[in-house]
Amino acid sequence: MTYPIPHDEVARLAVLDDLSILDTRPERPFDLITEMARDVFDVPMVAVSLVAEHRQWFKSTAGLCATQTPREHAFCNYTITAEEDFEVVDATRDARFADNPLVTGAPHIVYYCGVPIVAKGRRLGALCILDRKTRPALNEVERRILNGMAEQVGREIESRRVLRQALATLATSMDPNLLQ
């Protein structure tokens with residue numbers, strides 16, 4: 001399967017690497033957002049997806065068991081390159097996704113809407129809502145809500161980076177004699 005590659009792919013991947021978020025443990029702030037999105041949009045599945053070089057990794061999910069998928073299967077590839085939110089109301093009828101293993105097999109995605117997660121000025125992934133059936137396109141209010149949630153995810157990622165930097169600075173400035 002082919003997928004779009006962002007024009008800033010090298011810089012985007014460098015930011016993702018610098019943030020040291022891939023393969024980290026679940027964190028409640030991200031889980032709250034996915035759980036809230038599942039309830040607000042009445043969908044069975046939600047994910048905070050980060051698109052790495054060869055895979056899509058999920059920082060948080062609600063209703064999904066997977067922790068990652070191969071990048072070539074990721075709908076979020078389209079979200080990180082789209083000018084606007086990326087929505088597919090029926091993936092079974094969309095030539096880009098009809099043969100996708102995530103559509104033809106578990107979790108049987110039919111509907112997808114993703115909005116970019118931005119940190120350090122780069123689109124790192126998507127907050128996406130998913131359903132096993134077709135749904136009408138989101139209205140303007142729903143889009144604003146989903147975008148607001150994605151902005152919060154980006155802020156959480158940024159705050160993790162700031163905290164990590166502060167802790168590193170503190171550790172290097174501590175008097176080693178205090179640790180004895």
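Predicted model: local features only at pLDDT ≥ 70, side-chain atom pairs only at ≥ 80, totals over all residues.
Strand E2, spanning residues 55–62, pairs with two other strands. On one side, E2 is joined by six bridges to strand E1 (residues 45–51), and the two run antiparallel. Five residues lie between the strands in the hairpin of E2 and E3, where Gly 63 adopts a positive phi near 85°.

Strand E2 is mostly covered, with six of its eight residues buried. In a regular strand, side chains alternate between the two faces of the sheet.

The helical contact involves H2 (residues 28–41) and H5 (residues 140–173), whose axes lie 10 Å apart and pack at an angle of about 175°. Because of this angle, H2 is roughly antiparallel to H5, the cut-off being 145 degrees. From H2, the contact is made by Pro 29, Phe 30, Ile 33, Met 36, Ala 37, Val 40 and Phe 41. The contributing residues of H5 are Glu 142, Ile 145, Leu 146, Met 149, Gln 152, Val 153, Glu 156, Ile 157 and Arg 160. By class, the residues of the contact between H2 and H5 comprise 12 nonpolar, one polar and three charged.

Conventions
Residues numbered from 1 in each chain as written. Heavy atoms only, no water. Buried < 20%, exposed > 50% of the residue type's maximum accessible area, 1.4 Å probe, protein only. Helix = DSSP H or I, 4+ residues; strand = E, 2+ residues; numbered from the N terminus. Pairing = 2+ DSSP bridges. Axes fitted to C-alpha atoms, helices over the stretch in contact; angles between N-to-C directions. Parallel < 35°, antiparallel > 145°, perpendicular 65-115°, else oblique. Contact = heavy atoms within 4.5 Å. Nonpolar A, V, L, I, M, F, W, Y, C, P; charged D, E, K, R; others polar.
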